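Visitor: Could you take me through the pockets and the helix packing of this protein?

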Amino acid sequence: MEEKGKTFTNGCSFSGIRPFMADLPYPPVQVEGKNQAYADLLSADYCGAVSELSAITQYINNENRLSCENCSMAKTLLGIAMAEMMHLQKLGELIVLLGGDIDFAAKQRNGKRKMWTPEYLDIPGNAGKMLLADVEAEKAAIRQYEMHIKMINDVCVANMLERIIIDEEYHIMLLRSLLQEMR
């Protein structure tokens with residue numbers, strides 16, 4: 001921001017931030033065969049109300065809002081957002097391999113499509129409430145992935161979802177640590 005020739009910065013450098021995820025490899029991105037129903041289920045994980053796209057957007061929004069007041073917390077949220085981006089990319093590949101389309105519309109059970117919207121986000125006003133909303137979003141994602149694993153009879157897809165769940169659990173641990181630091 002500039003004012004009369006002066007530049008203001010928050011002093012928070014984000015160089016070198018890496019994705020915050022479990023130190024485990026992801027399984028290969030592959031499927032046992034095309035299956036539109038499975039692609040439709042994964043579209044909800046990709047861009048539904050509880051989705052990687054929603055998580056990325058919520059984390060980046062929170063990171064931006066916190067970067068001036070709590071650099072360390074902002075860096076953690078950015079690292080988590082980067083891991084969520086990797087999840088989004090892997091889900092997108094799975095959807096395409098299953099024969100689905102990447103169009104930012106989640107396929108619903110009634111056959112209708114619902115475009116992703118920022119109305120899905122929970123954007124509270126203070127850091128503590130932001131972190132609590134992020135924890136709840138991670139828990140919801142885990143529940144949805146577990147439900148989809150039960151519905152999808154494709155070991156390759158299930159293995160990927162199980163690996164993503166490990167990252168989501170790690171994110172909950174990181175977020176809870178940030179909450180503890182605030183107390």
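The questions and answers below turn to helix packing and then to pockets.

Guide: This is a predicted model, in which local features need pLDDT of at least 70 and side-chain atom pairs count only at pLDDT 80 or more, while totals for chains, interfaces and linings use all residues. Residues are numbered from 1 along each chain as its sequence is written, and side-chain values use heavy atoms, with hydrogens and water left out.

Visitor: How are H2 and H3 oriented to each other, roughly parallel or roughly antiparallel?
Guide: Helices (H or I, at least four residues) and strands (E, at least two) are DSSP runs numbered from the N terminus, and axes are lines fitted to C-alpha atoms, for helices over the stretch in contact, with angles from 0 to 180 degrees between N-to-C directions. The axes of H2 (52-66) and H3 (residues 71-97) come within 8 Å and cross at roughly 160°. Angles under 35 degrees count as roughly parallel, over 145 as roughly antiparallel, 65 to 115 as roughly perpendicular and the rest as oblique, so H2 and H3 are roughly antiparallel.

Visitor: By class, how many residues of the contact of H2 with H3 are nonpolar?
Guide: Contact means heavy atoms within 4.5 Å, and the residues that make it include Leu53, Ile56 and Tyr59 of H2 and Leu77, Leu78 and Ala81 of H3. Ala, Val, Leu, Ile, Met, Phe, Trp, Tyr, Cys and Pro count as nonpolar, Asp, Glu, Lys and Arg as charged, and the others, Gly among them, as polar. Beside two polar and three charged residues, the number of nonpolar ones is 16.

Visitor: At what angle do H3 and H5 pack?
Guide: Among the residues that meet are Leu77, Ile80 and His87 in H3 and Leu161, Ile164 and His171 in H5, and the contact has 14 nonpolar, three polar and four charged residues. The two helices are roughly antiparallel to each other. With the axes of H3 and H5 (residues 155-182) 11 Å apart, the angle is about 170°.

Visitor: Which residues of H4 meet H1?
Guide: The axes of H1 and H4 come within 11 Å and cross at roughly 175°, which makes H1 roughly antiparallel to H4. From H1 come Tyr38, Leu41, Ala44 and Asp45, and they meet Gln144, Tyr145, His148 and Met151.

Visitor: Which helix supplies the largest share of the lining of the largest pocket?
Guide: On a 1 Å grid over the protein atoms alone, a pocket is an open set of points where a 1.4 Å probe fits, with protein on both sides within 12 Å along at least five of seven lines, and lining residues have an atom within 4 Å of a point. About 250 Å³ of space lies in the largest pocket, and of its 20 lining residues the closest to the centre are Ala49, Ser54, Gln58, Ala137 and Glu138. H2 and H4 (127-151) each supply at least two lining residues, and the largest share, seven residues, comes from H4.

Visitor: How much space lies in the second largest pocket?
Guide: Its lining includes Ala37, Leu41, Lys107 and His148, and the largest share, four residues, comes from H1. A volume is the space filled by probe spheres set on the points, which are joined across faces, edges and corners. For the second largest pocket this space is about 200 Å³.
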